[in-house]
Amino acid sequence: MNNMPQQNVALVAGASGIVGRQLVKTLLHNKWQVIGLSRHAVNHPDAIPMVNVDLLDAQNSSEGLQPLSGITHIFYSAWANAANWTDMVEPNVTMLRHLVSHIEKIAPLQTVSLMQGYKVYGAHLGPFKTPARESDPGVPGAEFNAAQLTWLSDFQRGKSWHWNAIRPGVVGSSVPGNTMNLALSIALYASLCKAQGLPLRFPGTEQTWHSIVDHTDAGLLAEATLWAATTSAAQNQAFNVNNGDIWRWSELWPRIARWFELESAPPVRLSFHQLFKDYREVWRELARDRLVETDILQLNDGHFADFVFSWNYDMFGDGSKLRRSGFTRMQATDEMFFNLFTQLRAARIIP
């Protein structure tokens, strides 16, 4: 890369994930050069070059990142799972530290974009103050998103590059094979209900039925992330990124049912993961010779949907700071779901 012409060169950590896949598409559409980062050797669906680096290993990081001397922007949405919130802090901060500290030494770095979430507001702990705002005080306890931003903001002081932190709601995407794809979980569930002649029963409690959860279209999220990475108003700032509208499940769920030509039914606490296991053979028959994947658990395991529908409290943020700062796109959430279901059907992921 040493002789590379001056242009925006993005390094996307987490390029194959539910956020990274759409971000790569958006960057390529805007004529960026894009390089993906992965611990294991993988081929990216958009055919971008992939660099294999274990960011938990300092030496492997130094050696593997050394050729990337033209990077101007880091987009970070990678994460390492662990048994509990406490155990997730150290590896996730370490990965970010190894990446940023090595790249800033060798490349003309301008921006580090850190993908976060509402856990910084304590959303994973139970009921919290809503709407969550970027100016809200921090929450005590171990949480890797907050710990990453603390390290990043401290490390950036006095440097020529800047950071921003992006905080989406529940991300809407058509990417299969990702456990965090709520829209796909709902589409699979609705398809099974239709095949069994059942109504689309809401899979949560009465409290969840009446709660508010905000959503973030993956395309809108990618555009907002790109805007923040290239706008001076976003330097060293955090932004909630959501569609810009507010829905209760009691209003949104019947619309989803109608899209699938199903009746809606009252709430009963169900497990998507268990349902997908119970109906694994039903899906196999449903998908045979018609759909691209006959194993429903290869498409989605339902765990994230179970997590979302366990929230018996409001889960939404104030997205006005982003709009006041200059990014004005919005997305109707019901239309987002309908568009995603249409894409899933066209791709023969659901019948």
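I began in the loop between α8 (249-259) and β11 (264-265), which is where Glu261 sits. Glu261 is not a glycine, yet its phi is positive, about 60 degrees.

Next I went to the loop between β5 and α4 (144-156), where Pro131 is found. The peptide bond joining Thr130 and Pro131 is cis, and I noted an omega of about -5 degrees.

The average pLDDT of the chain is 95, and 98% of the residues score at least 70. Where does pLDDT stay under 50? That happens over residues 1-5, for which the model has nine contacts beyond four places in sequence. Where pLDDT is low, the predicted coordinates should not be read in detail.

I traced the strands next. Strands of a sheet pair through backbone hydrogen bonds, either parallel or antiparallel. Which of the two is it here? The pairing is parallel, in an open sheet of seven strands that runs β3-β2-β1-β4-β5-β6-β10. At the edges I found β3 (50-52) and β10 (237-241), each pairing on one side only. From one strand to the next, the twist averages 20 degrees.

I zoomed in on one pair. Strand β4 (residues 73-76) and strand β5 (residues 111-115) are parallel partners over four bridges. Within this pair, His73 stands opposite Thr111 in β5.

Then I looked at helices that pack on the sheet. α1 touches β1 (9-13), β2 (33-38) and β4, and its direction makes about 170 degrees with that of β1. Helix α3 (residues 85-106) also packs there, touching β1, β2, β4 and β5. The direction of α3 makes about 170 degrees with that of β4.

**A hole inside**

Now for empty space. Rolling a probe the size of a water molecule over the atoms shows where empty space is left. How many cavities of 30 Å³ or more are there? The count comes to one. The largest cavity has a volume of about 40 Å³. Residues that line the largest cavity include Val12, Leu23, Phe75, Tyr76, Ser113 and Met115. α1, β4 and β5 are the elements that give two or more residues to this lining. I sorted the lining of the largest cavity into six nonpolar residues, four polar and no charged.

My last stop was the second largest pocket, with about 310 Å³ of space in it. It has 20 lining residues, and the closest to its centre are Gln22, Ser173, Ser174, Leu340 and Gln343. Elements giving two or more residues to the lining of this pocket are α1 (20-29), α7 (218-229) and α14 (333-346). Which element gives the largest share? That is α14, with five residues. By type, I wrote down nine nonpolar residues, eight polar and three charged for the lining of the second largest pocket.

Definitions and conventions
Residues are numbered from 1 along each chain as its sequence is written. This is a predicted model: local features need pLDDT of at least 70, side-chain atom pairs count only at pLDDT 80 or more; totals for chains, interfaces and linings use all residues. Side-chain values use heavy atoms; hydrogens and water are left out. On a 1 Å grid over the protein atoms alone, a cavity is a set of points where a 1.4 Å probe fits but cannot get out, and a pocket is an open set with protein on both sides within 12 Å along at least five of seven lines; lining residues have an atom within 4 Å of a point. Grid points are joined across faces, edges and corners, and a volume is the space filled by probe spheres set on the points. Ala, Val, Leu, Ile, Met, Phe, Trp, Tyr, Cys and Pro count as nonpolar, Asp, Glu, Lys and Arg as charged, and the others, Gly among them, as polar. pLDDT is the predictor's confidence in each residue, from 0 to 100. Contact means heavy atoms within 4.5 Å. Two strands pair if DSSP finds at least two bridges between them. Axes are lines fitted to C-alpha atoms, for helices over the stretch in contact, and angles run from 0 to 180 degrees between N-to-C directions.
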